[in-house]
Structure formats: C-alpha cells, structure tokens
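Student: I've got a structure open and I'd like to talk through how its pieces pack. Can we go step by step?

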Amino acid sequence: MYPKMHEAFYFVPPIYFNKTLYKKETVAGEEVYIPQKSSPGDISHDRAMQHVLNCLRQIAEQGQEQMFVLTQFQYRDYLPNLPEDAKCFDFLIVHRKHGVVIGVVKAVSDKKDKTKKDEQTTDKSILTQIAEAVKQLNYADQMIRSISPDLSKKLRRCFGPEGLSDPTEMCLCSEHLADENEMLDDKAVSNIRQIWKWTTSDTDGVDMSRELHLDLVARLCGPSTQSSLQVPEGYEGFKLPKTLADAVSLTGDLYQRSMLDQDMIELLNHRTVFLAGTPNTGKTRMLTLVGRKCLIDGYTIFIIKDSSSKNDAFLSQYLKKQSTEDRIVDEECDFKSQNQRQKCIERIIKEKGDKTCILVDVAHLKGKHVDQFCENLQKKIKPDLFLWVSCNEGTCPPLGVGRRVKKILNCPPAVMREVAKAKVYSTTDVNADDKNEYLLPTDGPPVVYVPHTVSCNCLVHNCEKCGRAVGEFLSENLLNCRKDESRSGTDEFSPLRFEDCLILFEEDFNITKENNFLKGLVTFHINVDVVNKEESIVAANDDSVLAMSVSQMQRCRMKRKIVVYVESYVRVAKDKENKQRALTSCTSQLILVQPTIENNSFFTRIKSFAFQND
C-alpha cells in the first residue's frame, strides 16, 4: 500500500474531499446529482483545509520529508464506542524525525473589507475558536496516547501548563502561508518552520525507529482503519481512499456523474431554449435530457447538425440507444444558406409527427442565420414544438429562454486552474462553483508536470524520454501494469484500467504507433491504440490507452479519469475551443508534458513522484 513509507511522504487520503451534499433525482429516466447549498461554516473550513494541505504538500516536496499526513479521520473509525460528539483533529502528521504533530484548522473570517464591527466580531470569534481548538488538541493528545501507549513519554502536550501565556503565538495564521493555489517561497517555508519550532524542539536529532514508525502508520493509516466522508442521514457518503490510484478512481467517478444545478433542472420545463457557452459546460448534456424527456412523451426528435461545424454524432448516437422506435431523424443544414435553411424546414414539416422536438447541437450563432431558421420553424410548427439550440459562441437570439453557461461541473478545480493558465477562454468560470452556495466534490489530484528539455534534441511530441517518464508514473502509481501484477483498486474503488487514460497531442500531426513518445509508454507494458484523423466514432477496445491529436476532440468527444496532455512549442493555443475541450475532458488526474528551456535535471519538476502509491 505504501511501498516507500520509510523514505517518502504520503497524504491519507491523498486528496481532500469537501463536505458537499448532493440530492439524487431521476430526470427523464436518468440519475442526476444536484448540489445542495452548504453551510458557510462547512465551505470556509473545507477551503481552509485545502489551503493548509496544499502548503503542507509543498513543504514535504521541497524538503523531501519522511512523513504521513492523516486527514478526515474520525476517532470512531478506530475506537467505535466513543461518543458521537467527540470532535477529532483536522490533521495528524507522523514524522520520522519530529514524531507526531497534531493540528486543528479554524476558519475565522474571509472578509477583505471589514468594518469596525466586523473586526470586533472576528476578534470574538478567534477567541472562541482558539478555546475550542485547545479542547480538541488536549482530547487528541489523550486519544493518541490511548491508541499508542508506548508513545506516551515522547508525545508533547500541545497546550500544557508550561505553554506560552498567549496561545495565539503558537498559531499558524493565513498570512504566514502562500496565497490560495500559489506556491510557497523559501521565506514562507522558513517562517512556517520557525513558528512550528516549538512543536519539534525536544525531538531534534532523534529519529523515530522504523518499527515505531511502521506501528503508528499501521494503526492509523492501515487497511483495518477505514474512514468515510461524514454526511447527514439521507445523503450518499463514501469510503475515503488511502492510495493515489484509489483517489484518482474515486475522483473520476464523482466527476463523471451527471451533475446539474437546480436552475438547469428547472430549465427543462421550457420549450424554446438557447444555450451558449464554452466547451464542456454541459450544453449537450442538457440536450440529451430534453431528448430523453421528449422520447418518453412520444415526440419525434429531429437532430440538426450545422454543416459548418465539425462536431461528432454523440447526441444522435446516445438518443438512438434510448429508443427502440424509429422516432429520431438526423438532418444537416448549412445555416449560412437561405435555400438550405428553407429546404431543411420543409423536410422537417414533411416528416414531423403530432409532437416535434428539434435539437441543434453546437451551432455557430454568428449573424442572424440561426435566428431566422428558428423563427421560421416556430411559425410553421405549432403548438407542440420543443426547440433547443446549443452553441459555443455568439449571443442568444431573443427567442424563448437564453442562458449563457459558464460553470464546468464535471472537471476538478485543479484541472480548471490549468485552463486558466492556458488563457483558453476568458468567459469560463474557472472556479466552477458558486462561492456562496457550495464547493465541488474535491479539488482533485495535484497536476503532474513532466518537462521536456531542449537537450533531448527532439520534438516534445516525439520524445521517447518523455514517454518513458509518463509511463513510469502511470505504471508505478496508477495502473500497476507490469507483468504478473494485478491492477490497482480495492473492493471499495474501481480499479484503473488502460481505457481510463487518454493521450492528447497539441501538435496536429499524423500519429502512428511508431511515435517515439508512445514507444516510451509501451516500455512500461502500457497498451496504446491510435485514433486516426478520419475516425468519427471511437470505441474503447482491448483495454488500451487511446492517443489522438487535440484537433480530433470535436469529433471524438470523450472524458477520461487520466489525461496526458502533450503541449507544443507554441504556448498560445491556435485551436482554443478544442484545447479547452481537451483539458476539461479530464475528470481526475491531469499529466502535462511541457517544453522547457530550463537547465535543470530531467526530473526536477516531477514533484508527484515523491508520494508514489501502489
């Protein structure tokens, strides 16, 4: 489970999961998860925890610390007979050099512009929170002593009678940390170590024995101690993963669910709707739900493809699988041509039934061509008409309900931050959650960066060394695909398979299995299939990793738990639409292969190798 437990660092669970609640509803025969409004306290605490853990991870990476960081633990996971109100610590560090460090995280206020009254309220809240933290730490001290009596003489009491007169001096505050989602500099790391020096001063120079370290890890982080996300009765919780492979699998499962806000569910009651937004904001998902709803109600479905758009046939293929009757008609129309628009309307009128549903997916709304087409449809087909149109650009015409969709709910924030760095689209909501309502299930696994240096003397998309680096990370941490080894996964989590992984090349070239990057993957027993440029339908077969060009994403739309994105030397994307579609096709672990001219060793930036998990 932890192959390098005495040399590396591990976070258990490897990523933090937010206390967001989802209500499961059946919409048009499909399960849909609707995020519920979270309490401000839960949102603040989850954000604070994520911030603290990001900083702890950076400290561990920079110092190559030998430690375990345990979070989201409940005492009842180990001692089931404890009272339910026994509030646990927020994190516990088992360090080979510093012993056991117990921490409590308190979120006091995130207001930037405070009035005098706000400051007084905040001061009062700080005192209350510190008093509560002292109780939690003292109780944690007792619990850890009972869990491991042989450590009783070595554990330090965090706030004992000999502590400082002002306990706030021993608190690590947000101003000591880097800004949220930013890297810690050397000064910040030094400040944190100085503030925490009082927790470790008595243990300097004394390393924990391997036996004692193994015993503590086995008791707190071993397979016999299983923690779950704490949710109220009536909501779905889940077991928390212990390894990176299980965390990637669970994150992918959570983000591959059909998630919609309540206002989008209510939108399904409208007959004429125009959805505008960047790729992967859920527009096609809405059209599939409308199509399913109309199929159930006996409508004839017309799916109209804009001939100037290269989108795939996903919508048509999906709906045809939902119906045994021949009530789905595919049409193609060049919206720029008045003659083509008129002929398309005539065909629809000729073939329509008593009830008609028209779905236009990924139309180009520049000009008034689509507006005129829809206006004519509404005039000639009454009254039972559902007309839904989705597009990636332009403004919604003044017909029915227009909605600009900005949220991407099926992609972790860690990936969305890379979308923001790439400056693909300025209109996309990178945070992808409503800051006042709820958080997404988890920030997701940290992005893995693999640098391609100019010293390799080859183009990044044809670099075998980069392919081998990616293959090593996948085989050692996620896929476990060496010969005679079983795949990752436990009874609680789906094992990751080759088909969960997608390789995307930003460079538009003719990809073959003779590509050196792909040969590097094969070195680690990873099966690879190549998607030809002409293919519009891609079927996962023989449990293989798929490799394709980013330019093919519009015709071959798919989502995968693991996406390896190989950047080109041109850092500003030429095809912004497909680059966003490519990056946001990742529902869990993103691996970025980036060209760099830094004169560093090849593995300098592969930080995630420090916390490998099998």
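Predicted model: local features only at pLDDT ≥ 70, side-chain atom pairs only at ≥ 80, totals over all residues.

Student: Okay, how many helices and strands does the protein chain have?

Tutor: The chain has 614 residues, and 54% of them count as buried. Its secondary structure comes to 16 helices and 18 strands.

Student: Which residues of H13 meet H16?

Tutor: Start with where the helices are: H13 covers residues 413-422 and H16 covers 576-583, and their axes come within 10 Å. On the H16 side, the contact involves Lys579, Gln580 and Leu583. Facing them from H13 are Val415, Glu418, Val419 and Ala422.

Student: Are H13 and H16 roughly parallel or roughly antiparallel?

Tutor: Their axes cross at roughly 160°. Angles over 145 degrees count as roughly antiparallel. The crossing is also right-handed. Therefore, H13 and H16 are roughly antiparallel.

Student: What covers the buried residues of H16?

Tutor: Buried means under 20% relative accessible area, and 7 of the 8 residues of H16 are buried, so H16 is largely enclosed by the rest of the structure. Among those buried residues are Glu577, Asn578 and Arg581. The cover includes strand E14 (501-505), strand E17 (560-566), strand E18 (586-596) and H13.

Student: At what angle do H9 and H10 cross?

Tutor: H9 spans residues 283-296 and H10 spans 314-321, with axes that come within 10 Å. Their crossing is right-handed. The angle is roughly 30°.

Student: Which residues of H10 make that contact?

Tutor: From H9 the contact includes Leu287, Gly291 and Leu295. Across both helices, the contact residues divide into 6 nonpolar, 3 polar and 2 charged. On the H10 side they are Phe314, Leu315, Tyr318 and Leu319.

Student: Is Cys221 buried or exposed?

Tutor: The cut-off for buried is under 20% relative accessible area. Cys55, at 4%, counts as buried. Cys221 has a relative accessible area of 2%, so Cys221 is buried.

Student: And how many disulfides are there?

Tutor: A disulfide is a covalent bond between the sulfur atoms of two cysteines. To count here, a pair of cysteine sulfur atoms has to be within 2.5 Å. By that rule, the number of disulfides is 0.

Methods:
Residues numbered from 1 in each chain as written. Heavy atoms only, no water. Buried < 20%, exposed > 50% of the residue type's maximum accessible area, 1.4 Å probe, protein only. Axes fitted to C-alpha atoms, helices over the stretch in contact; angles between N-to-C directions. Helix = DSSP H or I, 4+ residues; strand = E, 2+ residues; numbered from the N terminus. Parallel < 35°, antiparallel > 145°, perpendicular 65-115°, else oblique. Left-handed = near helix turned anticlockwise from the far one by under 90°. Contact = heavy atoms within 4.5 Å. Nonpolar A, V, L, I, M, F, W, Y, C, P; charged D, E, K, R; others polar.
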